[in-house]
Amino acid sequence: LSALERQIFDFLGFQWAPILGNFLHIIVVILGLFGTIQYRPRYIVVYTVWSALWVTWNVFIICFYLEVGGLSKDTDLMTFNISVHRSWWREHGPGCVRRVLPPSAHGMMDDYTYVSVTGCIVDFQYLEVIHSAVQILLSLVGFVYACYVISIFMEEEDTYSCDVQIFKYLFIWRLQIVE
């Protein structure tokens, strides 16, 4: 549900990189749930690997919005340099008052520099960081749970294979006695 909520707000901001990441995340979460329900440990292993990648992606998002290591939140990196769209929260955050300023003669009409945003209770970059931190927390919980489920499935598989082996030996031993 958290990934779906994040997907909606990334769609509103036309941020294509996070949209693609969220879409893949939703697909892999469904695959992991299916693997849990259908006793398919390989699907859960795919989820655990993706969970590690998802944590890495969200750490990158946090670094991007906090401008760590030379990253800048004002670049078009999240839109694949296709458009000048930014985070939806930039103009629509809690308490934000949005004013469109008239463009100068040298500017473009659709440039976001002509939008003035004031009075935000929480700046947009911190809202994006909170979203990523929640995703990291949920992914870590999911990772631990997935590892636990995999271990249970593997124990059951080992027990089952051991029971099958014992049954085969008893059956063969029984056949030898009968002959």
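Where does Ile121 lie? Ile121 sits in the loop that runs between β2 (115-118) and α5 (124-178). The model is a predicted one, in which local features need pLDDT of at least 70, side-chain atom pairs count only at pLDDT 80 or more, and totals for chains, interfaces and linings use all residues. Residues are numbered from 1 along each chain as its sequence is written, and side-chain values use heavy atoms, with hydrogens and water left out.

The protein chain holds five helices and two strands. Helices (H or I, at least four residues) and strands (E, at least two) are DSSP runs, numbered from the N terminus. The order from the N terminus is α-α-α-α-β-β-α. Of the 179 residues in the protein chain, 32% are buried. Here buried means under 20% relative accessible area, exposed means over 50%, and partly exposed lies in between (1.4 Å probe, protein chains only).

Beyond its neighbours within four places in sequence, Ile121 contacts Pro94 and Gly95. Gly93 is 28 residues from Ile121 along the chain, and their C-alpha atoms are 7.7 Å apart.

Asn22 belongs to helix α2 (residues 16-37). Asn22 is buried because its relative accessible area is 0%. Apart from residues up to four places away in sequence, Asn22 touches Ala3, Arg6, Gln7, Asp10 and Trp54.

The unreviewed UniProt entry annotates residues 16-37, 44-68 and 133-153 as "transmembrane region". UniProt positions follow the numbering used here, feature names are shortened, and annotations may be inferred rather than shown by experiment. Residues 16-37 are 100% helix and 0% strand, with end C-alpha atoms 32 Å apart. Residues 133-153 are likewise 100% helix and 0% strand; there the end C-alpha atoms are 30 Å apart.

The whole structure has zero disulfides, a disulfide being a pair of cysteine sulfur atoms within 2.5 Å. Cys63 has a relative accessible area of 23%, so Cys63 is partly exposed. Cys147, at 35% relative accessibility, also counts as partly exposed.

How values were computed
Contact = heavy atoms within 4.5 Å.
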